[in-house]
Amino acid sequence: MNGRRWAVVAVLLLVVVAAATLARQGRNAKPLPGQTLRALGTQRGILVGTAVRGDVLKGNRAYRQLVAQQFSTVTPENEMKWYATEPSRGKFDFGPGDAIVAAAQGAGQAIRGHTLVWYSQLPPWVDGLDRADLAAAMREHIQRMVGHYAGRVGVWDVVNEAITDGGALRRSVFLRRLGPGYIATAFRLAHAADPKAKLYINEIGAESIGPKSDRLLAVVRGLKAAGVPIDGVGFQMHSNLAGVPADFVANAQRFEALGLDVAITEADVGLKLPVTPAQLTAQAAVYTTIVRDCLKVKCVALTFWGFTDGRSWISETEPGMGGADLLDAALRPKPAFGAVQQALAGG
């Protein structure tokens, strides 16, 4: 077995062990030290949130309690994506998303809908549609999704990851069949379905000033000039020990100058496995910068893309990487958790 295969096997074993650890945690969550992130965020005027897994939220009491205690907002990690909600054309399954929304409402939390139009995690039937059928399918999908959650989901990532690293519009099925106007159309449809919802364009790897963020800025300016109802820009902020781009604040302020809200929507800090104490210290410093920069920009929200290493997309999809979250697989606080607390408190 070559080194790459060993790495894949190692990651899979870590995922299995982490899942088993979480599965055993049917008991109450152990209290985390200090003030909750939720309370600290409220004091600073920022919503602190997390992405959640519906199956874990339902089946794991400790996980569920920590979500309710620590966070002001929740984002369904997968349960509102197209493949999950409309696996067959016209046949919608709102059940998993509804369960997350109900739990969030019970905990007094806001909900971020993720995501309406994205090139990835589409059901196979979408790719086979011609121009007219795709336009009709996108219209029905957005109308049904946003309409179903109107008054309950206050923020939507309408269009997700529409721009390449080189600054071009991504050659998704939507761009190929519908042209660049699909972005404006998606926002108009979402607004018509729920005029009170806040509508965002969400992008990965656009934190630094460069071709990608420049094109994102041009797209947003075009939408604003055309009267398209767009309220905000989400920076995903998937980071590693290289840290946050030094010009993130200056970059984000360009979007605020257009009258848009700015949010960090999917923050995490991936580490190379095996994780060492030195890496955990360095990771905490990166998380500190993320929080401080968000506060400098006056972000309306800071959402972590999961909060426990026991359920992390990085360890599940990137061989050799993991340990990206604030708590370990046993739901114990890592140095990153304390760093986020301190940064939110003004330290």
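Gly-108 comes after helix 6 and has a positive phi, near 70°.

Which residues of helix 6 are buried? They are Gly-97, Ile-100, Val-101 and Ala-104. These residues lie on the same side of helix 6, because they cover an arc of only 100° around the axis. Their cover includes strand 1 (47-52), helix 3 (54-59), strand 2 and strand 3.

**Strand 3 and its partners**

Strand 3 runs over residues 110-118. Eight of its nine residues are buried, so strand 3 is largely enclosed by the rest of the structure. Strand 2 (residues 73-76) pairs with strand 3 in the parallel sense. Strand 3 also runs parallel to strand 4. Strand 4, residues 155-160, pairs in turn with strand 5. Strand 5 then pairs with strand 6, which covers residues 232-235.

| Strands | Bridges | Opposite residues |
|---|---|---|
| Strand 2 and strand 3 | two bridges | Thr-73 and Ala-110 |
| Strand 3 and strand 4 | five bridges | Arg-112 and Val-155 |
| Strand 4 and strand 5 | five bridges | Asn-160 and Asn-202 |
| Strand 5 and strand 6 | four bridges | Ile-201 and Val-233 |

**Strand 5 and the crossover**

Is strand 5 mostly covered or mostly open? Strand 5 is mostly covered, with five of its six residues buried. Strand 5 also takes part in a β-α-β unit. The other members are helix 11 (residues 211-225) and strand 6. The unit is right-handed.

**Confidence along the chain**

The protein chain averages a pLDDT of 93. Of the residues, 93% score at least 70. Where is confidence highest, and where is it lowest? Strand 5 (residues 198-203) has the highest value, at 99. Helix 1 (residues 3-23) has the lowest, at a mean of 43.

Residues 1-25 need care. Their pLDDT stays under 50. The model has 31 contacts beyond four places in sequence for residues 1-25. Where pLDDT is low, the predicted coordinates should not be read in detail.

Note on methods. Residues are numbered from 1 along each chain as its sequence is written. This is a predicted model: local features need pLDDT of at least 70, side-chain atom pairs count only at pLDDT 80 or more; totals for chains, interfaces and linings use all residues. Side-chain values use heavy atoms; hydrogens and water are left out. pLDDT is the predictor's confidence in each residue, from 0 to 100. Contact means heavy atoms within 4.5 Å. Buried means under 20% relative accessible area, exposed over 50%, partly exposed in between (1.4 Å probe, protein chains only). Two strands pair if DSSP finds at least two bridges between them. A crossover is right-handed if, with the strands pointing away from the viewer, the path from the first strand over the helix to the second runs clockwise. The arc is that of the directions from the helix axis to the C-beta atoms.
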